[in-house]
Amino acid sequence: MSEERPASELSLAEQVANRREHREEIRRMGLPAYPNRFALTHLVSRAVEEWSPKDAATLEAMPEEKRKVRVPGRILALRRMGKKAAFLDLSDGLSRLQAYVRTDAVPEADWKIFETLDLGDHIGVDGVVFRTKTGELSIKVHGLTFLSKSLRPMPDKWHGVTDVEIRYRQRYLDLIVSPETRRTFEVRAKLVGYIRRFLDARGFLEVETPMMQIIPGGAAARPFVTHHNTLDLPLYLRIAPELYLKRLITGGFPKVYEINRNFRNEGISTQHNPEFTMLEFYTAYADARDQMALTEEMFAGAALEIHGTTELPWGENKISLAAPFQRLTMKEAAIEYGKNLRSGPITEEDLSTLPALRKTAGRCGIEDVERFGDVSGKLLAEIFEAVAEEHLIQPTFIIDYPAEISPLSKTRPDDPGIADRFELFIGGMEVANGFSELNDPDEQADKFRAQVAEREKGDDEAMLFDEDYIEALSYGMPPAAGEGIGIDRLAMLFTNSLSIRDVILFPLMRPRGERR
RNA sequence: GGGCCGUUAGCUCAGUGGUAGAGCAUUUGCCUUUUAAGCAAGGGGUCGCGGGUUCGAAUCCCGCACGGCUCACCA
């Protein structure tokens with residue numbers, strides 16, 4: 001095993017070859033290199049939790065019988081003190097625990113196992129918990145079991161995985177060496193768990209509706225296209241579950257929700273991944289205001305349960321999820337955040353007529369104003385997004401959306417031009433979108449027709465006419481309010497992650513050509 | 001798709017036209033309570049890819065690939 005290797009041999013290949021040879025040594029000892037099972041008493045993090053409160057004297061005073069443990073873990077550090085003793089750090093991905101192995105404390109065969117070990121290998125140790133003279137909690141090893149081989153070297157022990165590309169493409173490496181990454185995904189899981197319990201406790205039924213749809217609806221977005229072979233049927237990955245969930249409200253479920261993936265064939269950014277997780281929930285007999293109140297309660301409750309506070313750090317800022325959240329109409333927000341515009345402040349008049357809106361949009365740097373045609377609602381929304389969205393750091397409900405850009409929403413009883421709709425912005429991101437659901441089948445059909453007309457004018461994100469949905473509505477859907485919440489973005493807020501890719505385990509990446 | 005930045009050893013990075021470097025990892029030797037263990041000696045490189053300029057290119061120029069940020073569109 002120490003023979004000379006040709007100088008031309010690559011360093012990585014050499015390291016892999018060494019590790020394969022070490023694995024062969026395990027097999028030559030008659031041991032399985034990949035055993036099926038290890039009967040543990042503690043995972044590393046549980047052992048640390050249990051023993052770290054006890055100091056050296058306390059541990060010393062306890063009988064060895066009570067300090068016996070059997071712990072598996074991945075070796076993340078190995079400090080050999082000559083040929084007769086060594087310290088190794090075992091990790092379960094969350095915590096680390098040191099093990100102390102010495103030749104006179106383990107059977108000869110186990111020492112032979114130890115001598116084959118490489119960084120990254122999995123082992124199990126039998127031993128007794130103690131503290132070294134520097135006070136480090138450790139296991140004095142009396143027995144050692146080989147559990148699995150790492151044939152490739154671990155990432156840099158000090159820097160970890162700093163290359164974001166490797167972090168996303170090889171998330172497992174990031175997770176092995178970065179407890180913060182592990183924590184991010186644990187917080188995400190807790191968040192989703194909290195939301196489920198929150199809704200379940202309020203009588204919502206969790207359902208699953210088609211991800212593959214014949215008519216992609218419920219949102220303004222471009223879909224992914226696929227095909228069913230035996231039916232010879234073009235299918236679309238859903239852009240939203242909305243229209244199916246409302247069929248269920250029609251079907252008599254008073255409260256339903258779904259947490260699942262949506263797919264939108266759009267660009268990728270720090271706030272967008274082509275597949276993303278959305279919560280949609282619908283409450284019969286409620287309106288947009290009720291959904292807003294429920295949202296405030298949900299977010300504040302989740303923050304309290306997960307972080308013990310409603311104050312969350314967000315980059316340089318601190319976000320308060322304490323209810324109630326601020327409410328601004330879209331126009332108010334555009335005026336408020338448009339007042340320092342270089343070309344002069346935005347006034348009420350600048351937002352009141354089509355020509356004024358076009359002029360204002362131009363002033364906000366929105367290009368090709370003509371593409372919005374004569375739809376003044378689109379212009380207002382564009383202006384709002386241009387001047388206000390990024391400034392909405394604290395939770396803010398934006399209300400009074402133009403009806404023209406809200407074809408699935410009821411309008412306000414006092415103004416058919418304004419949708420009874422809201423969007424919630426936090427940290428400069430759109431986190432939620434909800435409204436009182438349009439349930440008049442004739443009005444819905446008219447709005448679908450208007451969408452189809454938009455599509456014919458070149459808006460490829462405009463909705464399609466869904467006849468089956470109109471038929472469902474025509475049987476009578478009770479009044480209801482619905483809302484969608486971007487789970488990934490909410491997870492960003494809860495983990496202070498400024499990129500959506502940091503809260504998605506395997507974000508979409510272009511395949512790498514030169515790798516095998 | 002546009003703009004900016006990046007790509008050098010397995011990892012993290014230095015190297016502004018003149019023989020390809022450091023730390024960690026790896027290999028060998030010493031060390032039985034260390035902890036980014038230590039000490040000593042080695043091995044490991046198509047400098048992202050392809051062209052060009054030059055006596056000479058990791059370095060300058062052009063193109064391409066991949067990645068990040070950002071703008072545009074969306075949640």
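1. Let's start with the surface near RNA strand B. Its residues split into 26 charged, 15 polar and 13 nonpolar. Keep in mind while you browse that this is a predicted model.

2. How many residues surround RNA strand B? The count is 54, and the closest are Thr 134, His 272, Glu 430, Arg 489 and Arg 501. Looking from the RNA side, 60% of the atoms of RNA strand B that come within 4 Å of the protein belong to sugar and phosphate.

3. Which element gives the most to this surface? That would be α1, with six residues. Elements that each supply at least two residues here are α1 (11-28), the strands β1 (68-80), β2 (85-91) and β3 (96-102), and the helices α6 (164-169) and α13 (376-387).

4. For Arg 79, an N or O atom of the side chain sits 2.7 Å from a base oxygen, and for Arg 102 the corresponding distance is 2.8 Å.

5. Now for the inside of the protein. The largest nonpolar core holds 42 residues, and Leu 279, Phe 299 and Phe 494 have the most contacts inside it. Two or more residues each come from the helices α8 (179-201), α10 (288-307) and α16 (487-495), and from the strands β10 (255-263), β11 (275-284), β12 (311-314), β17 (415-426) and β18 (429-436). The largest share, eight residues, is from α10.

6. What does Phe 299 touch, leaving aside residues up to four places away in sequence? Its partners are Leu 321, Phe 325, Leu 424, Ile 426, Val 431, Ile 485, Leu 490 and Phe 494.

7. There is also a second, separate core, with 28 residues. Among its members are Ile 26, Trp 51, Leu 97 and Ile 113.

8. Last stop: Thr 184, which you'll find in helix α8. Is Thr 184 buried or exposed? Thr 184 counts as buried because its relative accessibility is 15%, and buried means under 20%. Not counting residues up to four places away in sequence, Thr 184 touches Thr 495, Ser 497, Asp 502 and Val 503.

Conventions
Residues numbered from 1 in each chain as written. Chains lettered and ligands numbered in written order. Predicted model: local features only at pLDDT ≥ 70, side-chain atom pairs only at ≥ 80, totals over all residues. Heavy atoms only, no water. Core = buried A, V, L, I, M, F, W, Y, C linked by side-chain atoms within 4.5 Å. Buried < 20%, exposed > 50% of the residue type's maximum accessible area, 1.4 Å probe, protein only. Helix = DSSP H or I, 4+ residues; strand = E, 2+ residues; numbered from the N terminus. Contact = heavy atoms within 4.5 Å. Near = heavy atom within 4 Å. Polar contact = N/O pair within 3.5 Å; in protein donor to acceptor, adjacent residues only side chain to side chain. Nonpolar A, V, L, I, M, F, W, Y, C, P; charged D, E, K, R; others polar.
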